[in-house]
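Biologist: Can you walk me through this model? I'll ask as I go.

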Amino acid sequence: MNSYRHHPDRIAALVQDDRVHRDLYLSDELFALEQERLFANSWVFLGHASQVPAAGDFITQEIAGRPLLMVRQPDGAVHVMYNRCAHKGTQLVTDESGNTGRFFRCPYHAWTYKLDGAPLGLPLKNGYEGTQLKACESGQGLSAVRHVKVYRDFVFVRLSDAGPSFEDYFGEVLGAIDNMVDRSPEGRLTAEGGVLRNIVHCNWKVYLENINDTVHPMSTHESATQAAEALWEGHAPDDPKPMAMEQILPFGSGYEFFDRMGGRVFANGHSVLGIHFSIHSNYAQLPAYEAAMRAAHGEARAAEILQRSPQNSVLYPSLSVKGSPQAIRVIRPLAADRTLIEAWSFRAAGAPALLFERALSYNRLVFSPMSVVAHDDVHLFESIQKGLRAGGNEWVSLHRGYDAAERAQSTVTTNGTNELLMRNQFRAWAKAMAADMEVGA
Amino acid sequence: MNGDPRDFAAHEAALLDGRRFDEWLALFAEDGRYWVPLLGAAQADPFSHNSLAFEDRLLLQLRVERLKNPRAHSQHPMSHCQHVLQASRIEQEEGEGGEVRLRTPFVYVESRGGGATAAERHGAPPPRAHRRGLGHPREAHRPARPRAGLAGDPAVHLSIPPFLPPLFLITGATT
C-alpha cells in the first residue's frame with residue numbers, strides 16, 4: 001500500500017493520452033483515495049427533493065463512505081447533514097427513508113435535535129454543568145454538509161470545502177437536467193415507483209465507461225436483440241409496436257447508427273451521448289402532450305426539448321440521465337470491485353401517464369436484475385474485473401478516435417463511437433485525484 | 001395437467017429447474033402475465049411502481065428464445081436453478097370462471113458454474129448448493145392450469161412478499 005498517496009506523478013501516469021492502466025480498476029488504495037478526493041471534491045448527486053415531500057421527511061444515503069441525511073424543513077428547504085449524533089456518533093436514523101416528526105431523537109442516549117440539526121435537549125442535564133460541552137462540537141448539534149445545491153429538485157453535495165462551484169463544475173451539461181425537467185409542462189418531476197438496485201462486482205468506472213460505449217450493443221446484446229427481431233419479423237417498419245418492442249428493438253441498431261448519433265464532451269468528465277438522435281428518438285408521438293408543451297414553453301423551446309433525446313448524459317462522476325424515457329442511474333461505489341447501481345423513474349407533472357409508464361418499462365426491461373438486456377452487460381463487467389487481473393498486458397485501450405488536438409479543448413463534438421467520451425472521464429479523474437496532493441518522499 | 005391444482009406449482013417449478021422452457025411457456029394463457037413486483041404482496045399493480053419483471057407472452061417468448069442463442073454471454077457457463085417449494089395452499093376454490101388461486105411459498109436458488117455434468121443438468125438437482133447466486137425466499141400466487149379465454153385476467157402471476165429486500169444481487173460465478 002501507499003504506492004499512490006503522496007505520489008501525484010504516479011497517479012497521473014496511470015492515465016495516458018489514449019490508454020489507462022489496470023490499477024485504476026483494481027487497486028484498493030486508489031479506491032480509498034477516490035473516496036477521499038474525487039468523490040469528496042466533486043458535486044455528487046444525493047437524491048431528489050421529491051423523495052422528501054413533507055416537513056420531517058428524510059432519506060439516508062452514503063457518499064464517499066460517509067453516512068448522510070437529507071431532510072425537509074418546516075419552511076420547505078432541504079437540508080443535508082451528516083448522519084451522526086453529536087454525542088457518540090450513532091446514526092440518528094437507519095431507515096432508507098421515513099418521517100422523523102418534529103425532531104430527531106438519538107436511539108442510544110436520547111439526545112434530540114431540531115430538523116435543522118440544532119440541539120434541542122438531552123437527558124440528565126445537570127451532569128453537564130461546568131463542563132465544556134456547550135463550547136465543544138458535541139454541544140453544537142448535528143454537523144451540516146456545507147456545500148449543497150438543489151438544482152431543479154436534483155440535490156447535489158460537495159463534501160470538501162475545496163473544489164469548484166456547482167455551476168463551474170457542471171457548466172453546459174446541466175442542460176441534460178433542464179431537458180428532463182422541462183419535459184413536464186409544469187417544469188416539475190417527482191421520483192416515483194421506488195428504485196431498482198443492483199450490486200455489480202466490478203469497479204464503478206467500468207460501469208460508467210459503458211454508459212458512453214456505443215460499440216458494445218451489437219455484440220453484447222446480440223442474443224436479446226436477435227430474439228426480439230425474430231419475434232417482430234414480418235411486421236412493417238411503421239407498424240405500431242408494443243412499448244417493450246419500441247424500447248428493445250433499437251438496441252440492435254448497427255455500428256453506423258451509433259456512430260452517427262454523435263457525442264459531446266465537456267470539462268470535468270461530463271458528456272452527452274446521442275446529440276443528434278438516439279435509441280429513444282422514435283417513440284410514438286403524443287399530439288395532446290406536445291400541444292401542452294407548446295403552450296407551456298412556447299413553440300421553439302418545446303420543439304427543442306422534444307427533439308432532443310440523448311442516449312445518456314453523464315454528470316461525472318455518479319449521475320447518468322435519460323431525458324426520454326425519464327430515468328436516471330446513480331453509481332454508488334462500494335469497493336474497488338463492487339458497485340451499487342440505482343435506477344430511478346420519474347413522473348413529469350402535467351404530462352400523460354404514458355411517459356411514466358415508459359420510464360418504468362425501460363428501467364424494468366434494461367436495468368432490472370431480471371432484465372434480459374442487463375444480464376449480458378453485468379456478466380461482461382464482472383468478466384473485465386477478473387480479466388484485468390491477468391497481467392501480461394497492464395493497459396486498457398482507449399485509442400478509438402484519438403486525436404492529439406482533443407487534449408487542448410474543454411468542449412469537443414465528435415462521432416458516437418469515439419472513445420473520447422471515456423478518455424474525457426479519465427482525464428477528469430486524474431485531475432481530481434492528483435489536485436493539490438501533498439508530495440511525499 | 002388434470003386433477004389437483006396444487007400439483008400445478010410443482011410441475012411448473014420442475015419444468016424450470018429442468019430447463020424445459022418451451023414446455024413451461026406453453027402453460028401460459030395467451031393473455032397471461034408474469035409479474036415479479038418489487039414490493040411483494042404490498043404492491044397493488046405493475047403500473048404505478050417499478051417491478052423486477054412484468055412480462056406478457058411476447059416478452060416471455062423473447063426470454064426463452066434468447067436462452068437458446070449461443071451468444072447469450074451470461075450463460076457461459078450456464079445457470080442452474082432449484083425451486084424448493086412449500087406445500088401449495090388453495091386460497092380460493094374453483095369459481096365460475098374455472099379459476100383457482102394457489103399460494104406456494106418457495107425458496108429459489110440460482111447459480112452458475114460448478115461443473116455440473118450433462119446428466120445432472122437434465123433432471124437431477126444441482127450437484128452442490130452454491131448459494132452465492134439469486135437466493136431469495138419468495139411466495140407465489142398461482143392459479144391452476146390457465147384456461148384459454150380468461151380475458152384480462154392474469155393466468156400466472158408471481159408475487160414476492162415484503163421481506164424480499166429491494167436489493168437484488170446479480171452474481172453467481174462460483175468457479
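Biologist: What does A:D376 form a salt bridge with?
Modeller: A:D376 pairs with B:R66, and their closest N and O atoms are 2.9 Å apart. A salt bridge here is a side-chain nitrogen of Lys or Arg within 4 Å of a carboxyl oxygen of Asp or Glu. A:D376 lies in helix 14 of chain A and B:R66 in helix 3 (residues 57–68) of chain B, so the pair joins two chains. Helices (H or I, at least four residues) and strands (E, at least two) are DSSP runs, numbered from the N terminus.

Biologist: And is this a predicted model, with which cut-offs?
Modeller: This is a predicted model, where local features need pLDDT of at least 70 and side-chain atom pairs count only at pLDDT 80 or more, while totals for chains, interfaces and linings use all residues; side-chain values use heavy atoms, with hydrogens and water left out. Residues are numbered from 1 along each chain as its sequence is written, and chains are lettered from A and ligands numbered from 1 in the order in which they are written.

Biologist: Back to that pair. A:D376 and B:R66, buried or exposed?
Modeller: A:D376 and B:R66 are buried. Buried means under 20% relative accessible area, exposed over 50%, and partly exposed in between, with a 1.4 Å probe and protein chains only.

Biologist: Where do A:E96 and A:R197 sit?
Modeller: A:E96 is in the loop between strand 5 (78–82) and strand 6 (97–99) of chain A, while A:R197 is in strand 12 of chain A, 101 residues apart. Their side chains meet in a salt bridge at 3.0 Å, N to O. A:E96 is partly exposed at 45% relative accessible area, whereas A:R197 is buried at 11%.

Biologist: What about A:R146 and A:D161?
Modeller: Their side chains also form a salt bridge, 2.6 Å from N to O. A:R146 lies in the loop between strand 9 (119–121) and strand 10 (147–151) of chain A, and A:D161 in the loop between strand 11 (154–158) and helix 4 (166–170) of chain A, so the pair ties together parts that are 15 residues apart in sequence. A:R146 counts as exposed at 64% relative accessibility, and A:D161 as partly exposed at 47%.

Biologist: Different topic. How many residues are in the largest nonpolar core?
Modeller: The largest nonpolar core has 131 residues, and those with the most contacts inside it are A:F154, A:F156, A:I328 and A:W429. Helix 15 (residues 420–434) of chain A gives the largest share of this core, nine residues. A nonpolar core is a set of buried Ala, Val, Leu, Ile, Met, Phe, Trp, Tyr and Cys residues joined through side-chain atoms within 4.5 Å.

Biologist: What is A:W429 in contact with?
Modeller: Contact means heavy atoms within 4.5 Å. Leaving aside neighbours within four places in sequence, the partners of A:W429 include A:I11, A:L14, A:W204, A:K205 and A:Y316. A second, separate core of 16 residues includes A:M81, A:L115, A:L122 and A:L142.

Biologist: And A:H280, where is that found?
Modeller: A:H280 is in the loop between strand 14 (271–273) and helix 11 (287–297) of chain A. At 1% relative accessibility, A:H280 counts as buried. Beyond neighbours within four places in sequence, A:H280 is in contact with residues including A:S309, A:K322 and A:Y362.

Biologist: Last one, chain B. How many helices and strands?
Modeller: Chain B has four helices and nine strands. Buried residues make up 50% of its 175 residues.
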